[in-house]
Amino acid sequence: MSGTHAAEGRSPTLGADRVSRSADGRLILDGVSLAPRPGSVTGLLGPNGSGKSTLLRVLSGVLSPASGVVTLDGRPLGDWGRRAVARRVAVVEQQADTLVELTVADVVRLGRVPHRRAWTPTTGADERAVRTALERTGLTDRLDQPWHTLSGGERQRVQIARALAQEPRELLLDEPTNHLDIQHQLDLLNLVAELPVTSVVALHDLNLAAMYCDQVVVLREGRVVAAGTPAATLTESLIADVYGVRATVTRPDPGDDRPFIRFLGTVAGK
């Protein structure tokens, strides 16, 4: 289920080295480093306010770090130029909306904008990318449906399709399973895990992270407190310390060391 196609021995495609970021005088990220393996799925975990969304925005170039550096293929992100980064790195935010009357296909076509000159018509390659993205996300029968008539979960799937139409090599997702029912959560993360891209995904559900991520990075108050495989990282003591929750961690499948977490209640005094 995880991104087992990760390339071994290659340098990270997108990474962060000791990045910090403040807002309103408060340190949001404090010396965070991240080096996803190419082709792998890295989960960003941590309580609300731990810095997950800010880190994704710094990785995408939307925000600049106050210190430290984000690199793409070993070069500082700022050296690439916005269009070059947009061709490589796709972002799926928590919420997306538009006041313009757009169809599903119109929204997905926005993923092709970085690949075209201004005011030029779409090409055959653009339309093939859009069609493939709609097929991958199960939206082919919705392509003419107005965006504003979709449910929250359907809109999220359209945003995934827009990102896929971009044909990125790096994919950043901020809580992509919000608003999705269980079936679509699993379908979406299966899709992400099977893509030949380097994915960094912020998640709240620790069991989904354990199922689909090759490695996880746990943040608390803007700092990395643990990083590694889900089996090595998602321990009972870490869950109690970071989340304030008592849990048991088991390995239900003898042939798979991925943990399953059963939550028992809050930790007294947390």
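Modeller: Asp73 counts as partly exposed because its relative accessibility is 34%, and what follows should be read with the reminder that this is a predicted model. The partner of Asp73 is Arg88, with which it forms a salt bridge whose closest N and O atoms are 2.9 Å apart. Since Arg88 lies in helix H2 (residues 82–88) and Asp73 in the loop between strand S4 (67–72) and strand S5 (75–76), the pair ties together parts that are 15 residues apart in sequence. The two partners fall into separate burial classes: Arg88 counts as buried, at 10% relative accessibility, whereas Asp73, as noted, is partly exposed.

The structure holds 10 salt bridges, and two others can be set beside this pair. In one, the side chains of Asp106 and Arg109 meet at 3.5 Å, N to O. An α-helix has 3.6 residues a turn, so residues three or four places apart point the same way. Asp106 is partly exposed, with a relative accessible area of 27%, and Arg109, at 28% relative accessibility, counts as partly exposed too.

The other is the salt bridge between Arg220 and Asp241, in which the closest N and O atoms are 3.1 Å apart. Arg220 belongs to strand S9 (residues 215–220) and Asp241 to helix H9 (residues 236–243), so this pair ties together parts that are 21 residues apart in sequence. Arg220 is partly exposed, with a relative accessible area of 29%, and Asp241 counts as partly exposed at 38% relative accessibility. Returning to the pair we began with, salt bridges that share partners join Asp73, Arg88 and Glu170 into one network.

Arg116, found in the loop between helix H3 (104–109) and helix H4 (124–136), is buried yet has no salt bridge. Leaving aside residues up to four places away in sequence, Arg116 touches Arg83, Arg109, Pro121, Thr122 and Asp126. Among these contacts is Arg109, the residue that meets Asp106 in the salt bridge described above.

Helix H1 (residues 52–60) is mostly covered, with 7 of its 9 residues buried, namely Lys52, Thr54, Leu55, Leu56, Val58, Leu59 and Ser60. Just after H1, Gly61 takes a positive phi of about 90°. Helix H6 (residues 182–194) has 13 residues and reaches 18 Å from its first C-alpha to its last, close to the 18 Å expected at 1.5 Å a residue. Its buried residues are Gln185, Leu188, Leu189, Leu191, Val192 and Ala193, and they pack against strand S3 (41–45), H4, helix H5 (152–165), strand S7 (170–174), strand S8 (198–202) and helix H7 (206–212).

As for the chain around these parts, there are 9 helices and 12 strands, and buried residues make up 47% of the 270 residues. Of the contacts with a separation of 6 or more, 64% are between residues 24 or more positions apart. A compact globule of 270 residues would have a radius of gyration near 18 Å, and the 19 Å of the chain agrees with this, while its C-alpha atoms fill a box of roughly 60 × 40 × 40 Å along the principal axes. The chain exposes about 13,200 Å², of which carbon and sulfur atoms supply 51%. One further aspartate gives a sense of the distances involved: Asp256, in the loop between strand S11 (245–250) and strand S12 (260–266), counts as partly exposed at 29% relative accessibility, and its C-alpha atom is separated by 45 Å from that of Asp24, 232 residues apart along the chain.

Note on methods
Residues numbered from 1 in each chain as written. Predicted model: local features only at pLDDT ≥ 70, side-chain atom pairs only at ≥ 80, totals over all residues. Heavy atoms only, no water. Helix = DSSP H or I, 4+ residues; strand = E, 2+ residues; numbered from the N terminus. Buried < 20%, exposed > 50% of the residue type's maximum accessible area, 1.4 Å probe, protein only. Lys, Arg positive; Asp, Glu negative; His and termini not counted. Salt bridge = Lys/Arg side-chain N within 4 Å of Asp/Glu carboxyl O. Contact = heavy atoms within 4.5 Å. Expected span 1.5 Å × (residues − 1). Rg over C-alpha atoms; globule rule 2.2 N^0.38 Å. Areas by Shrake-Rupley, 256 points an atom, 1.4 Å probe, with all protein chains shown as cover.
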